[in-house]
Amino acid sequence: MKKTIVAATVALSAIGFLGVWLYEPGPLGSETVAVAAPNTSISDGGASEGAERTIDGSVESNRYGTVQVRLVLSAEDRISEVRLLQRPTSGRGVAAIPILQEETLTAQSADIDTVSGATSTSESYVKSLQAALDAR
């Protein structure tokens with residue numbers, strides 16, 4: 001009985017190690033999520049047409065990494081893109097970033113939900129996002 005338990009423990013440990021060893025995280029480039037700016041028929045003579053601007057949020061650190069948001073605002077002052085100047089490089093926060101970016105574009109504010117399992121990264125993202133929104 002003891003030999004069976006020891007053998008099962010060793011086998012499960014080896015399988016777990018193999019899974020971690022074979023894990024390949026996705027690329028961590030300058031990924032962005034973008035949506036097309038709404039097309040409006042009202043024009044001011046072309047003075048501000050196509051004028052986008054960027055605003056950087058604060059640098060927010062937590063035990064899983066550092067987050068800093070850069071917002072791209074359209075001429076209509078809408079968030080058209082969310083870029084990450086700094087992002088976590090490991091853990092669940094890596095997978096949470098695209099979800100947070102998409103929620104930001106939908107909400108057009110910092111009033112978004114945290115991602116389950118990536119609470120610290122979500123909170124850092126929201127703080128940086130709010131700082132960028134306050135600066136606009």
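The dialogue below reads a hairpin, a helix and a loop residue in a predicted model.

Me: Which strands pair in the antiparallel sense, and over how many bridges?

Reply: Two strands pair if DSSP finds at least two bridges between them; helices (H or I, at least four residues) and strands (E, at least two) are DSSP runs, numbered from the N terminus. Here strand 4 (residues 65-73) and strand 5 (residues 79-86) pair in the antiparallel sense over six bridges, with Val69 opposite Leu84. Five residues separate the two strands of this hairpin, and Asp77 in the turn has a positive phi of about 65 degrees.

Me: Which residues of helix 3 are buried, and what covers them?

Reply: An α-helix has 3.6 residues a turn, so residues three or four places apart point the same way. Buried means under 20% relative accessible area, exposed over 50%, partly exposed in between (1.4 Å probe, protein chains only). In helix 3 the buried residues are Thr121, Ser122, Ser124, Tyr125, Ser128, Leu129, Ala132 and Leu133. Their cover includes strand 2 (53-56), strand 3 (60-62), strand 4, strand 5 and helix 2 (92-107).

Me: Is Asp113 buried or exposed, and what does Asp113 touch?

Reply: Contact means heavy atoms within 4.5 Å. Asp113 lies in the loop between helix 2 and helix 3 and is exposed, with a relative accessible area of 55%. Not counting residues up to four places away in sequence, Asp113 touches Leu100 and Glu103.

How values were computed:
Residues numbered from 1 in each chain as written. Predicted model: local features only at pLDDT ≥ 70, side-chain atom pairs only at ≥ 80, totals over all residues. Heavy atoms only, no water.
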